[in-house]
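Please report on the local geometry of this chain. Cover confidence, backbone, helix packing and aromatic rings.

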Amino acid sequence: MKRTVAVLLSIVLLLGLVVPVTAKGGNDQSRKQVLQNLVEEEDKKARILWYDLSANIPNLNTPEKVKDIVTKTKNANFDTIILDVKNYTGFVGYNSDIAPHIHTSTIPGYNEFPEGYDLLEEVIEEAHSQGLKVHANVNVFSEGNNIYADGPAFNNPEWQTVLYQAYRLAQAENGSTFKITGVNASRQDNTLVMYTPSEYSESPANHWGAEVQVVDGEVTQVVDRVGGAPALEVPENGYVLSGHGEARAWILENLEEGARVGVSESDYDLIPASEYPSYSTFVNPIREDVQAYELSIMEEILTNYDVDGLVLDRARYSNEYADFSDLSRQQFEAYIGQEVENWPEDIYTVDFSDEAQEVVPGPHYKKWIEWRAGNIQQFFQRAEQLVHGVDESLFFSTYVGSWYPLYYSEGVNWASRTYKPEYDWASADYHKTGYAETLDFLMTGNYFAEVTREEAVEAGNPDWYSVEGSADIAMDVVNEATFVYGSLYLAQYEGDPEQFRRGLRSVLDKTHGIMLFDLVYLEMYEWWHIVEEEFAEDSEAPHEIPGLLNMVRENR
């Protein structure tokens, strides 16, 4: 059988032909065999480098710098550049008639991007002159920065996603209360968070706040770190409350040593994305005006620039707590054919423990998960039709996190429609929401410091919390519907170049190619030579081989 598959692959590669369909499902089986065997072909691996927009402003803000970076990219034997042209803030790095230019943003550092500078045009011109392909990346459903209240989501507040924010209440002895918005989470502006001994030995928050140490329900220390006090120790039989801004003021006004404080009560609010403790301002992906806006930006790029492909990022819900708007309720009720009597409790409730918060499914939970994933699938179908309607030769792809068992929380099913997950959150029809078949290739972020399954277990994690394990899951769930390119986050290997090298080799061994995130780290760590060494032999990206690409596209 192995020799038969190898011969079939050779025919496809050499002649650029599609395997003929001789019987129903025959082409599916041929594609599966070819793509499975393709993993073993060392000279047929994609080599992709991501250029993040904001992180690389100092590296790319002049034509001379672009030429230098593109030359390094070429010398390292990459075949494709993914240029982030619309980042999570909604600002763009090209001259758009639709989206705001990054230079106009109030976000610190963005004004270092020159006024009127068209990074997309500069990169395309230089890359094409050196034989590299350029795919434009568009962050889709994130349209602003909450910290600086800047971006299109703030000019169009009706677009913002509505989040189900459950919280426990910190209650002072005098009866005053304040919301605790996270446990062992990053402290945002004007928020109160709890740190427990399961995660921390001392508070990880910065000094711009006040903190309270609580042991057995009694306040044992209160410090204002703005005044220079060190971080508080997290006690074994208690916790630390850390507050910024309004939460800092509440701590200093209502809590004192020796007083009692409670954290047992809870409640929830439905709030817009701009009030949620997150740096990204997400919009509601089912709004027609939102989709029309995003698609118009894609069309503008595809029709005005000589790009080779389009990549979607953040083409998802913000997290498992979105979207609980009136529109989502109406459309979900239409989807299930009945009213949701208790909104949002019949979707799920949130329980709190001393360590964390947990979603407790309600009667409509699985259908809700299915419905959200179906919404994103439908958008991918629209986007794919747009891209290939402009030019069939353009490539359409996306980036997703590789942690498929948990990724349903983002409202996304990036698997094949043929893959039926057996997880407790998956409905019987969840597999129908898969969108892998719409893609010319899929990039999965195998963002784990541990490379092997054994390393992950030694670190106290499931074995798939590794480059190797997550790559295996990605290949399994995509089920040869398209090419899978594993990806590495270089910051996870800072100070350990050999672990980075091992991760790179693991991805290439397990998948059809690799994407490295991000250029800024290759520059910062001076690791270009590692990539040059690992990519020394010639290779061709599978999606650039006509016979293979046609085989994938026939599966739509």
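In which loop is the place of Asp-518? Asp-518 sits in the loop between β20 (513–517) and α15 (519–525). Helices (H or I, at least four residues) and strands (E, at least two) are DSSP runs, numbered from the N terminus.

**Basis and confidence**

This is a predicted model: local features need pLDDT of at least 70, side-chain atom pairs count only at pLDDT 80 or more, and totals for chains, interfaces and linings use all residues. Residues are numbered from 1 along each chain as its sequence is written, and side-chain values use heavy atoms, with hydrogens and water left out.

The pLDDT is the predictor's confidence in each residue, from 0 to 100. The chain averages 94, and 95% of the residues score at least 70. Confidence is lowest in helix α1 (residues 2–15), with a mean of 44. It is highest in strand β1 (residues 46–51), at 99. Over residues 1–26 the pLDDT is below 50. Beyond near neighbours in sequence, this stretch has 31 contacts in the model. Contact means heavy atoms within 4.5 Å.

**Backbone**

| Site | Feature | Value |
|---|---|---|
| Ala-322 to Asp-323 | cis peptide bond | omega near -5° |
| Phe-517 to Asp-518 | cis peptide bond | omega about 25° |
| Asn-190 | positive phi, not glycine | phi near 60° |
| Arg-314 | positive phi, not glycine | phi about 50° |

Asp-323 lies in the loop between β14 and α9. Arg-314 lies in the loop between β14 and α9. At 18% relative accessibility, Arg-314 is buried. Buried means under 20% relative accessible area, exposed over 50%, partly exposed in between (1.4 Å probe, protein chains only). Asn-190 is in the loop between β6 (177–183) and β7 (192–195). Asn-190 is partly exposed, at a relative accessible area of 35%.

**Helix α5**

Helix α5 spans residues 119–129. Its buried residues are Leu-119, Leu-120, Val-123, Ile-124, Glu-126 and Ala-127. They pack against α3 (57–60), α4 (63–75), β2 (80–86), β3 (133–139) and α8 (288–304). Asp-118 caps the N-terminal end of α5, with a side-chain oxygen 3.3 Å from the backbone nitrogen of Leu-120. A polar contact is a pair of N or O atoms within 3.5 Å; within protein, one must be able to donate a hydrogen and the other to accept it, and residues adjacent in sequence count only if both atoms are side-chain atoms. Gly-131 follows α5 and has a positive phi, near 80°.

**Aromatic rings**

A search of the whole structure finds 44 aromatic pairs. Rings of Phe, Tyr and Trp (its six-membered ring) pair if their centres lie within 6.5 Å; planes under 30 degrees apart count as stacked, over 60 as edge-to-face and the rest as tilted.

Tyr-321 and Tyr-348 form an edge-to-face pair, 6.3 Å centre to centre with 65° between the planes. Tyr-321 is in the loop between β14 (309–313) and α9 (326–336), and Tyr-348 is in strand β15 (residues 348–352). The two are 27 residues apart. Both are buried.

Phe-380 and Tyr-435 are stacked, because their ring centres are 3.8 Å apart and their planes are at 10°. Phe-380 belongs to helix α10 (residues 365–390), while Tyr-435 is in the loop between α11 (404–407) and β18 (441–445). This pair links parts of the chain 55 residues apart. Phe-380 is buried at 0% relative accessibility. Tyr-435 is buried too, at 1%.

Ring pairs also link a cluster that includes Trp-50, Tyr-399, Phe-517 and Trp-527.
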